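Keep the structure open beside you as you read.

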Amino acid sequence: MPNTNKPNKLIHETSPYLLQHAYNPVNWYPWGEEPFKIAKQEDKPVLVSIGYSTCHWCHVMAHESFEDEEVAGLLNEHFVCIKVDREERPDIDSIYMNVCQMMTGSGGWPLNVFLTPDQIPFYVGTYFPKHSKYGRPGMMEVIPNLAKVYHDDKQQIATIGERVVTALNEMVQQEVASIPSTRTKDAFQNLQALFDGLYGGFGTAPKFPNANQILYLLRYYKVTGKENALLMATKTLEQIHLGGIYDHIGFGFARYSTDQIWLVPHFEKMLYDQALLLHCYTEAYQINKSDTFKKVVYNTIRFLQREMQHPEGGFYSAIDADSEGVEGKYYLWDYEEILEILGEKQGEKYAETYDITHEGNFEGKNIPNLIEPDFHKLSKDELEQCRQKLLQYREKRVYPHLDDKILTAWNTLLMSALAKAGAVFEEESFIDLAKKIDTFLQKNLVKENQLLVSYRDGKAKQTAFIDEYANYLWALNELYLTTGEKEYMNRAEKMVQQMIDQFHDDENGGFFLTNHGAETLIVREKTALDNAYPAGNSTAAMQLWRLGKLTEKEEYIHFADELLNAFSADINRYPAATLWLLQLMLAHQTESSEIHLTNPTGEIRSELFSQYRPFDVWHIEKEGTFELQLCQNYSCQLAITDPTQALKTLQK
C-alpha cells in the first residue's frame, strides 16, 4: 500500500485489513465512540466501510476510491469515515449486511453503509467505483448527493432509519411455531431441486463448496438410507477435487468457483473452508472409503501446515487471491513454462493430464484441473515428482498477501476437523495438531477466563461472540471422543456454562451473537441462519445435544431442543438456510447409541472410528478389563467381554 501520505488513525490497529488503509488520504477511524461523537458534534453523516484483507473487490475499491485524493477530499469534507474488519467484528458486519440485503436484495464485500451519528443506516451498497458506470453509482456522485439529503431532508432519513430498525428487530424476535417432522425432507428436496447432476454442487454459478449442504446430505443419508443424498454429497466432493477450485500443485481449496464446472476459482483461500471441507471429506470417507477422499484430507493438512500455520501452533485466517495486483497470478501457468520446468517429454504428458494448453483455459493462462476425464499419461510417482517441481518453481513467485491474524472461531473449526481426521485415519500427528491449536488459544486468546476473537503481533483483542464458544465446544467434544481424555469433557461443560451465563436469551431462548456486557448496537442479533460457515446457535444446538448424551445430563439436551423452538420460524421459512440446526431434528429422527468401551483392542478402536456415526457418542476407558456396553433409547444391553463378539456387535 502507498505510504507517502500521513497515516490516519488506523495506523495503531493490528488488523491487516485496517492497516492496508492506514495510509489512505481518507481520514479513517477504527470503530469506537470517538468517530460517532465527532459526527454528532459536527452534524455529519458517517460512512462505515466493511471488508477483509483478502477481499478482491475491497482492493479494487480501495485503489479506485479510497487511495484517490478527489474521493478522499469529498469524504473528509462531508462524512466521518470508519473502517471495520468483518472478521474481527462480525456483530457489526452482520447487522449492516442484513440491512444491505433488505434495502438492495443482495449483499457482499466491500460493504459500504451510510449512517446517522446514531448508527442508523439510510443508504447502503457494496462496491462503488469512483465515477458512476454500468448502472452502478460512483463515489463522486454518491457522496455529495447523500450529504445533501442528510442535511436537507432529515424527515426522509428518519423514516428510512425507523423502517430498517423495525425490520431488524422483527428478525430477532420471532414467533414460536411447531416444526413439522417433514422439514428435514423439505430441506433435502430443496437441495435435490438445485443439484447439478453433471458437475455436482448446487445451482449454476458462482458455486460455493458449501459444507453445510454436504454434511447435511451425509447425515440425511444416514437417517433415511436415501442413496440420492449420498450421491449428491460424494459427487460434489469428487467434482470439487477435480476442478481448479482445488489447488492441484500446492493443495487447499479456493473460496468458490466463478463458473458451473468448478474450473475458475476466486483464488483466495480461507481457513474456515479448509476446516469444513476436511470434515466433509473425512465423513464421506467413513461411508465410501474412497482413497481419493483420504488423499485430499492428507494433502489439505499438508498445505495448512506449510502455508497457514503460526510457528506456535495457531493457523492464519486467509491467503489473498491477488499477487502483484493481479487476481490468481500466483496460481496460473503458461504451457511453455510447464515444458521448461518439467522437460519437453514429461511436460507434454503432464500438460495433457491437467488440461494445460497453448491457448489456455483461463484468459490465455492455465489452471491445472482434472475435470475432463483422461487417462493419466504418467505414473503416480511421476505425477508427484512433477507436482513437487512445479511447487518449488511457484514458490519463487511473488506470494499473495497473507492475512496472518489468528481467529478463535476459525481455529476451533479446524481443531474439530483435525481431531476427527486423526481418529478416522489413525493419524496421531493430526490429533497433536489439534492439541497444539488448543494450547495456542489457551495461551494467547483466553484472558481472565474470557475468550477473545483475534490475535496478531502478540496482541489479542475483542471479546468473543457466540460463534467462538460454540465452535470451541464442538472442538472439545471431538477431542474427547478422539482421545477419551476427560479433561476435554470437563472443559466442554465449563464452556457451556459460560455460554449460558453470557449469551443466553432467558426470555425467548437461544443465544445472542454478543454477550450481555457487549457494546450496544442498533439491534442485538440472534440468528440460526447459516452463512459461509454454520451459525453459532446451530453449532451450539448439535454440540449441546452431544454433550448431554456424553454426560447423561438432560439439561444440555433441553437447551439444544430449546434452540429448535427459538428458531422454529426460520426453520419453517428457510429449511435450506438452517441445515446445521436441522441436523438436530435428524438426530431425533434416528436411533442413536451411547457406547462404553474399556481397554479396547486396536482393531475395535479402528472399527469404531472407521464407521460413520454422526449421532452416536462413546466413552473409552484406557485401563481395566476389556468390556463393551451398548446403550440405546435410555436402556443398556449386557456388557460384552469377548473382543471377537464385541467387534461383531460394532460391525452391525
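## Before we start

Helices (H or I, at least four residues) are DSSP runs, and they are numbered from the N terminus. Keep in mind that this is a predicted model.

## The enclosed spaces

The model has two cavities of 30 Å³ or more. About 270 Å³ of space lies in the largest cavity. Its lining is made of 23 residues, and those closest to the centre are Lys-420, Glu-478, Arg-546, Arg-613 and Pro-614. Which helix gives the most to this lining? The answer is H18, with four residues. Helix H18 covers residues 466-483, and H11 (271-288), H16 (408-424), H20 (536-551), H23 (579-588) and H24 (602-610) are also helices that each supply at least two residues of the lining. Sorted by class, the lining of the largest cavity holds 11 nonpolar, five polar and seven charged residues.

The second largest cavity has a volume of about 110 Å³. Here 14 residues form the lining, and Gly-244, Tyr-246, Asp-247, Phe-267 and Tyr-331 lie nearest the centre. By class, nine residues of the lining of the second largest cavity are nonpolar, two are polar and three are charged.

Now turn to the second largest pocket, which holds about 620 Å³ of space. It is lined by 18 residues, and His-241, Lys-295, Tyr-354, Lys-380 and Leu-383 are the ones nearest its centre. Helix H10 (227-242), helix H12 (291-307) and helix H15 (380-394) are the elements that give two or more residues to this lining. The largest share, five residues, comes from H12. The lining of the second largest pocket divides into seven nonpolar, five polar and six charged residues.

## Charged partners

Side chains of opposite charge can pair when their charged atoms come close. In this model the count comes to 43 salt bridges. One of them joins Arg-183 to Asp-186, with the closest N and O atoms 2.5 Å apart. How many residues separate these two along helix H8? Arg-183 and Asp-186 are three residues apart in H8 (residues 183-194), which means that about one helical turn lies between them. Arg-183 is buried, at 17% relative accessible area, while Asp-186 is partly exposed, at 21%. Since buried means under 20% relative accessible area, these two partners fall on either side of that cut-off.

Glu-487 and Arg-491 form another salt bridge, and their closest N and O atoms are 3.3 Å apart. This pair sits in helix H19 (residues 486-503), four residues apart and so separated by about one helical turn. Glu-487 is partly exposed, with a relative accessible area of 41%, whereas Arg-491 is buried, at 17%.

## A link between loops, and a network

Glu-268 forms a salt bridge with Arg-255, the closest N and O atoms being 3.5 Å apart. Glu-268 lies in the loop between strand E7 (265-266) and strand E8 (269-270), and Arg-255 lies in the loop between H10 and strand E6 (256-257), so this pair ties together parts that are 13 residues apart in sequence.

## Rings and their neighbours

The structure holds 33 aromatic pairs. One of them is formed by Tyr-123 and Phe-128, a tilted pair with 6.4 Å from centre to centre and 35° between the planes. Tyr-123 is partly exposed, at 29% relative accessibility, and Phe-128 is buried, at 3%. Elsewhere, Tyr-246, Phe-251, Phe-253, Tyr-281 and Phe-293 form one aromatic cluster.

Lys-154 lies over the face of Tyr-150, at 3.7 Å from the ring centre. Over the ring of Tyr-285 sits the charged end of Lys-289, 5.7 Å from the centre of the ring.

Conventions: Residues numbered from 1 in each chain as written. Predicted model: local features only at pLDDT ≥ 70, side-chain atom pairs only at ≥ 80, totals over all residues. Heavy atoms only, no water. 1 Å grid on protein atoms, 1.4 Å probe; cavity = no way out; pocket = protein on both sides within 12 Å on 5 of 7 lines; lining within 4 Å. Points joined across faces, edges and corners; volume = space filled by probe spheres on them. Nonpolar A, V, L, I, M, F, W, Y, C, P; charged D, E, K, R; others polar. Salt bridge = Lys/Arg side-chain N within 4 Å of Asp/Glu carboxyl O. Buried < 20%, exposed > 50% of the residue type's maximum accessible area, 1.4 Å probe, protein only. Phe/Tyr/Trp six-rings, centres within 6.5 Å; stacked < 30°, edge-to-face > 60°. Lys NZ or Arg CZ within 6 Å of the ring centre and 35° of its normal.
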